[in-house]
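Please open the structure in a viewer and keep the selection tool at hand. This tour moves from one selection to the next and states what is found at each stop.

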Amino acid sequence: MNKTEHVLLQLTGRALFGAPADFDPAAVDWPAVYREASNQALSLLIWDILGTEERAAVPGDTASRWEQDSLRRIMSNEQLLYEQEQVIRLLAEASVPCVILKGSSSAANYPNPSLRIMGDIDLLVKPEQQMQAMKVLQANGYGDILEESHHCHMTVHKGGITVEVHKEPNGLYMNPDAEIAQKLHVFFADAIDQRQCEDGLPFLTDEQQAVVLILHKLEHFMTSGLGLRQLCDWAVFIEKRMDDVLWTGLQPVLSDFGLLTFTGLMTRVCVDYLGMPERKAPWAKQYDAETAAKVIEQILKEGNFGTKAEKYGERLFNDPSSSNRVASFIRVSGNACREHWPPCEKHAVLMPAAPFVLLSRYLVQRRRGERPKLNLKKKYRQAGYDQKLYKELKPFVVE
């Protein structure tokens, strides 16, 4: 961890928990801190927490860019929140109840919710109402449904706003254990009916929200890259909502899903590196400090959704449930075919054609600039370390 990253973590801890920071503002490379905060989608949060002496130490051109960026982020957040309210209203009028996934449901746990940078609007509806929800949105100014299929959500745009309508949370199909996947489906089956309302917004129950946050972190850590913003979401969730009663009920649930070690390690990272009070999660210290150190290094290396390190295609080789990278390639490729070309899930005879269908789709998307160049040899080499680390996290290993 370099000095810039160390300063950023201290400032993040101050912003979230009032943790003390120990550095000389005059000795800090503030342009580098700004770049790193931007890569981690924390620029707004960090700019707000800077003191008078620290802001005076930021070079004028950097301070100007940082301030303008912060104002733009605030306006974008306000626009997204307004549009989210309209979408929820439209769905309610059409008798399509929903809950908010991530976004403002995570922001609600921050000391100042307006400082969490939002990206898009993620809503969960009942599976049988997903297409109805999409028709409602299209009838109210949202464009065509994106062609690219996804196993859990459909996407539409209006202007610069993206709405993803989920029939289930992300991450349910990541595990190789069909029994665990079925348990997760059952766990979220009543999510809409059990939703709770806060400030007029529909949220998941605390227990369900905790599992969604963990699944989201696991998925991005193993695929596109997990950033500090997602780690902050978990840290403030614990600070605001976790108590002995919730943890007593949540622990066996996470254990049953094979998510207990990953949850413990992510929480230890929050305690060790984000200044989260240990009293909020005393159980975190039982998890390995060295593995937690590897996790934070990976997060700092990759940035928010992999902005610092392109990981596209690496997932093919780093499946922790596989014995090696070749076995991983075979397993993940097969799963990808079934997930992204549903006909071969229903008709096994189509399976041999699936790789060619996905390859053709990728080539079209690549020409449109929607996908990065895929270098399988390079990804194979890069995935070696990651696969070993992921095994230490024990994803979907029931303990």
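Begin by selecting proline 252, which lies in helix 11 (residues 244-257); helices (H or I, at least four residues) and strands (E, at least two) are DSSP runs, numbered from the N terminus. The model is a predicted one, in which local features need pLDDT of at least 70 and side-chain atom pairs count only at pLDDT 80 or more, while totals for chains, interfaces and linings use all residues. Residues are numbered from 1 along each chain as its sequence is written, and side-chain values use heavy atoms, with hydrogens and water left out.

Is proline 252 buried, exposed or partly exposed? Its relative accessibility is 49%, so proline 252 counts as partly exposed; buried means under 20% relative accessible area, exposed over 50%, and partly exposed in between (1.4 Å probe, protein chains only).

Next, select glycine 275, in the loop between helix 12 (260-273) and helix 13 (289-302). Glycine 275 is partly exposed, because its relative accessible area is 30%. Leucine 11 is 264 residues away from glycine 275 in sequence, yet the C-alpha atoms of the two are 9.6 Å apart in space. When neighbours within four places in sequence are left aside, glycine 275 is in contact (heavy atoms within 4.5 Å) with Phe17, Ala19 and Cys270.

**The cysteines**

How many disulfides does the structure hold? The number is zero, a disulfide being a pair of cysteine sulfur atoms within 2.5 Å. Select cysteine 232 to see why: the closest cysteine sulfur, in cysteine 270, is 7.7 Å from its own sulfur, too far for a bond. Cysteine 232 has 0% relative accessibility and therefore counts as buried. For cysteine 98, the closest cysteine sulfur belongs to cysteine 197, at 11 Å, which is also too far for a bond. Cysteine 98 is buried, with a relative accessible area of 4%.

**The nonpolar cores**

In soluble globular proteins, nonpolar side chains tend to be buried together. Select Val211 and Trp234, the residues with the most contacts inside the largest nonpolar core, which has 84 residues. Such a core is a set of buried Ala, Val, Leu, Ile, Met, Phe, Trp, Tyr and Cys residues joined through side-chain atoms within 4.5 Å. Helix 9 provides the largest share of this core, nine residues. A second, separate core has 24 residues, including Ile100, Ala133, Val136 and Leu201. Return to valine 211: apart from its neighbours within four places in sequence, its contacts include Leu184, Phe187, Leu250 and Phe257.

**The cavities**

A cavity is a set of points, on a 1 Å grid over the protein atoms alone, where a 1.4 Å probe fits but cannot get out; lining residues have an atom within 4 Å of a point. There are two cavities of 30 Å³ or more. The largest cavity has a volume of about 50 Å³, a volume being the space filled by probe spheres set on the points. To find the largest cavity, select its lining: Leu101, Lys102, His166, Pro169, Asn170, Val212 and His216.

Finally, select Lys102, Ser105, Ser106, Leu204, Gln209, Val212 and Leu213, which line the second largest cavity, a space of about 30 Å³. Helix 9 gives the most to this lining, with three residues.

Terms used
On a 1 Å grid over the protein atoms alone, a cavity is a set of points where a 1.4 Å probe fits but cannot get out, and a pocket is an open set with protein on both sides within 12 Å along at least five of seven lines; lining residues have an atom within 4 Å of a point.
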